Amino acid sequence: MPVVELPAGPVEYVDTGGSGPVVVLTHGFPMDHRQWRLVLPDLDGLRCVLPTLPLGAHRHAMRPGTDLTQAGQARILADFLDALDLHEVTLVMSDWGGPAFVVAQDRAERVARMVMVSCEAFDNFPPPPARPAALLCRAPGGTWLLTQLMRTSLLRHGRHGYGSMSHARVPDEVMDAWFEPARRDPLVRRDLRAFATGTPRRSTLLQWSARLADFDRPALVVWAADDTMMPLAHGRRLAELLPQGRYVEVADSRTLVTEDQPEVLARLIRDFVGGPED
């Protein structure tokens, strides 16, 4: 994969190329571009750019001292858009809602549209089922232990682990790719810990979320009807907060709509963005 050097460090990305509208697809924690592997085939005609952000599945550690909190990650994403000189971007987030904070960081000048797919919002950072993992990362040796637990079927596929995020079973080879970098590299574990323990206080999260009212461009909020991590009320509330927000609910899906209803999600994105044939 190509790599772009940012002030934070090297960031790998996938770029499908083409002259169609630019769609930047971001991923969850700790995931990478493979989260979108089932959606991409139905997004032909669009230029899809998929960065692997430093959320724990990245293969190249960030520079020492890099801010990897929610605000820092939003700035890294904005720096990525700058480095690739991407314009009129449709910014898509799924699971991790931090990309929306580019608005609060006053870095959304390259974003023309926003799509929020069953993601963290308001004070739901991290969602309650993920909070034990964040607490474990605060303990000495806790991040290493978490990476070992990620090798077990109980955490990968159980109802108290990633199994609660989709009706479909995410293949183990995909999860291997997500979890191996942090297990093998202590510097990637350092980055994972910095992100997992860097969530700001509730009041700050709510202030940042309120800034979405300033995003006066088209926004699509897609929420999974069976989501147990991201409250349905948050999806509706986001659509009401965004001046041009529109809410769509997807049946028979949990948080990872990318796994449970990839064709539906691809159609929604295509219809929202438009394509060269429109």
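**Salt bridges**

I began with R183 and E180, whose side chains meet in a salt bridge at 2.8 Å, N to O. I take a salt bridge as a side-chain nitrogen of Lys or Arg within 4 Å of a carboxyl oxygen of Asp or Glu. This is a predicted model, so I kept local features to pLDDT of at least 70 and side-chain atom pairs to pLDDT 80 or more, while totals for chains, interfaces and linings use all residues. I number residues from 1 along each chain as its sequence is written, and side-chain values use heavy atoms, with hydrogens and water left out.

Where do R183 and E180 lie? I found both in helix 5 (residues 172–184), three residues apart, which is about one turn of the helix. My helices (H or I, at least four residues) and strands (E, at least two) are DSSP runs, numbered from the N terminus. R183 and E180 are both buried. In my notes, buried means under 20% relative accessible area, exposed means over 50%, and partly exposed is in between (1.4 Å probe, protein chains only).

Next I looked up D214, which forms a salt bridge with R211, the closest N and O atoms being 2.7 Å apart. D214 is partly exposed at 46% relative accessible area, and R211 is partly exposed at 27%.

D216 and R217 gave me another salt bridge, at 3.4 Å, N to O. R217 counts as partly exposed because its relative accessibility is 26%.

I also noted a network of salt bridges that links D79, D82, D85, R107 and R110. By the rule above, the count comes to 20 salt bridges. A reminder to myself: side chains of opposite charge can pair when their charged atoms come close.

**Helix 1**

I then turned to helix 1 (residues 70–83), which has 14 residues. From its first C-alpha to its last, helix 1 reaches 20 Å, close to the 20 Å expected at 1.5 Å a residue; the expected span is 1.5 Å times one less than the number of residues.

Why do I call helix 1 largely enclosed by the rest of the structure? Ten of its 14 residues are buried, so I do. Among the buried residues are Q70, I76, L77, F80 and L81. Just after helix 1, D85 takes a positive phi of about 50°, and D85 also belongs to the salt-bridge network above.

**Strands**

Strand 4 (residues 47–51) is mostly covered, with four of its five residues buried. I count two strands as paired if DSSP finds at least two bridges between them. Strand 2 (residues 9–15) pairs with strand 4 in the antiparallel sense over three bridges, and there D15 has V49 as its bridge partner. Strand 3 (residues 22–25) runs parallel to strand 4 and is joined to it by three bridges; V22 stands opposite R47.

Further along, I found strand 7 (residues 218–224) and strand 8 (residues 244–250) running parallel, joined by seven bridges. P218 stands opposite Q244 in strand 8. With helix 8 (residues 232–241), strands 7 and 8 make a right-handed β-α-β unit. Right-handed here says that, with the strands pointing away from the viewer, the path from the first strand over the helix to the second runs clockwise.

**W144**

My last stop was W144 in helix 3 (residues 142–149). W144 counts as partly exposed because its relative accessibility is 45%.
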